[in-house]
Amino acid sequence: MVELDFDKGGGLLPAIAQDAKTGEVLMLAYMNRAAWENTIKTGVATYYSRSRDKLWVKGETSGHTQQVRELRFDCDADTILLKVVQLGGAACHKGYKSCFYRKVENNEAVITDEPIFDPDEVYKK
């Protein structure tokens, strides 16, 4: 059984979701032991929401789930890498494929991608 060092991060470890086919980084979230175990059990990315203080299955509201193809962890066993198939095309709750849809140019934020969905419609805000 894999033993990750959840104690090192105060119970939470950073979890990077990467497109299994292209290698593009889609998002960074956090996992606690329960999220890790649920991800292994179901094959669907499950994270720990720090703002809601609970587990959340990625895409439970939007339908844009992450099917896990491979799980990796770093040399210190304190960072998780998920290689996923992003269903629905968008990992970002703001509607973009990746949460990293902005880059810095001349100390300004520049949006580099087009949104895939309207978050107001999907999340009924």
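The side chain of arginine 72 makes a polar contact with the side chain of glutamate 70 at 2.4 Å, a polar contact being a pair of N or O atoms within 3.5 Å in which, within protein, one must be able to donate a hydrogen and the other to accept it, with residues adjacent in sequence counted only if both atoms are side-chain atoms. The model is predicted, so local features need pLDDT of at least 70 and side-chain atom pairs count only at pLDDT 80 or more, while totals for chains, interfaces and linings use all residues. Residues are numbered from 1 along each chain as its sequence is written, and side-chain values use heavy atoms, with hydrogens and water left out.

Arginine 72 belongs to strand β5 (residues 66–73); strands (E, at least two residues) and helices (H or I, at least four) are DSSP runs numbered from the N terminus. Arginine 72 is partly exposed, at a relative accessible area of 43%, where buried means under 20%, exposed over 50% and partly exposed in between (1.4 Å probe, protein chains only). Not counting residues up to four places away in sequence, arginine 72 touches Thr79, Ile80, Leu81 and Lys83, contact meaning heavy atoms within 4.5 Å.

The largest nonpolar core has 20 residues, of which Leu4, Met27, Met31, Tyr47, Ile80 and Leu82 touch the most other members. Such a core is a set of buried Ala, Val, Leu, Ile, Met, Phe, Trp, Tyr and Cys residues joined through side-chain atoms within 4.5 Å. Two or more residues each come from β1 (13–19), β2 (25–31), α1 (33–42) and β6, and β2 gives the most, with four residues. Leaving aside neighbours within four places in sequence, the contacts of methionine 27 include Ala15, Ala17, Tyr47, Trp56, Cys99 and Phe100.

Phenylalanine 100 is found in the loop between β6 (80–86) and β7 (102–105).

Asparagine 107 has a positive phi near 65°, lies in the loop between β7 and β8 (108–111), and is exposed at 71% relative accessible area. Most residues other than glycine have a negative phi.
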